[in-house]
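Could you walk me through this structure? I am new to it and would like a friendly guide.

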Amino acid sequence: MSSTLKPIADRIVVERASSDDKTKGGIILPDAAKNKPQQGKVLAVGPGKLMKTGERRPVQVKVGDHVIFASWAGDEFKPISGDHILLLREDDVLAVVG
């Protein structure tokens, strides 16, 4: 699904990192009890934000970057096969890892 998503403006498609399936003590966690990771890999980026001057400011992250984002950021989608996909704005990205 991510290959068919083409974000617009300053939006970014991110594949959320997988969360731990069980605790350190070995208890298996249901999906509702898991903490959602606030990081992931950038799968696609839009062309950039359209400024008042009519020019586009390019997005600062690129495909393949690992990013950290705010916990409330973006809209989450779950493709038929694969991990959770987030669609978020560039402003929601807090840092690029490594």
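**A walk through the chain**

Let's begin at Glu90, which touches Asp10, Ile12, Arg57, Pro58, Val59 and Gln60, leaving aside residues up to four places away in sequence; touching, or contact, means heavy atoms within 4.5 Å. This is a predicted model, in which local features need pLDDT of at least 70 and side-chain atom pairs count only at pLDDT 80 or more, while totals for chains, interfaces and linings use all residues. Residues are numbered from 1 along each chain as its sequence is written, and side-chain values use heavy atoms, with hydrogens and water left out.

Glu90 sits in the loop between strand S7 (85–89) and strand S8 (93–97). Because its relative accessibility is 8%, Glu90 counts as buried (buried means under 20% relative accessible area, exposed over 50%, partly exposed in between, with a 1.4 Å probe and protein chains only). A polar atom of the Glu90 side chain lies 2.7 Å from the backbone nitrogen of Gln60.

Now turn to Ile68, found in strand S5 (residues 66–69). With 32% relative accessibility, Ile68 counts as partly exposed. Among the residues that Ile68 touches, not counting those up to four places away in sequence, are Gln38, Gln39, Val93 and Leu94. Ile68 and Asp92 are 24 residues apart in sequence, with their C-alpha atoms 8.9 Å apart in space.

Stepping back, the protein chain has zero helices and eight strands; helices (H or I, at least four residues) and strands (E, at least two) are DSSP runs, numbered from the N terminus. Of the 98 residues in the protein chain, 28% are buried.

Methods
Polar contact = N/O pair within 3.5 Å; in protein donor to acceptor, adjacent residues only side chain to side chain.
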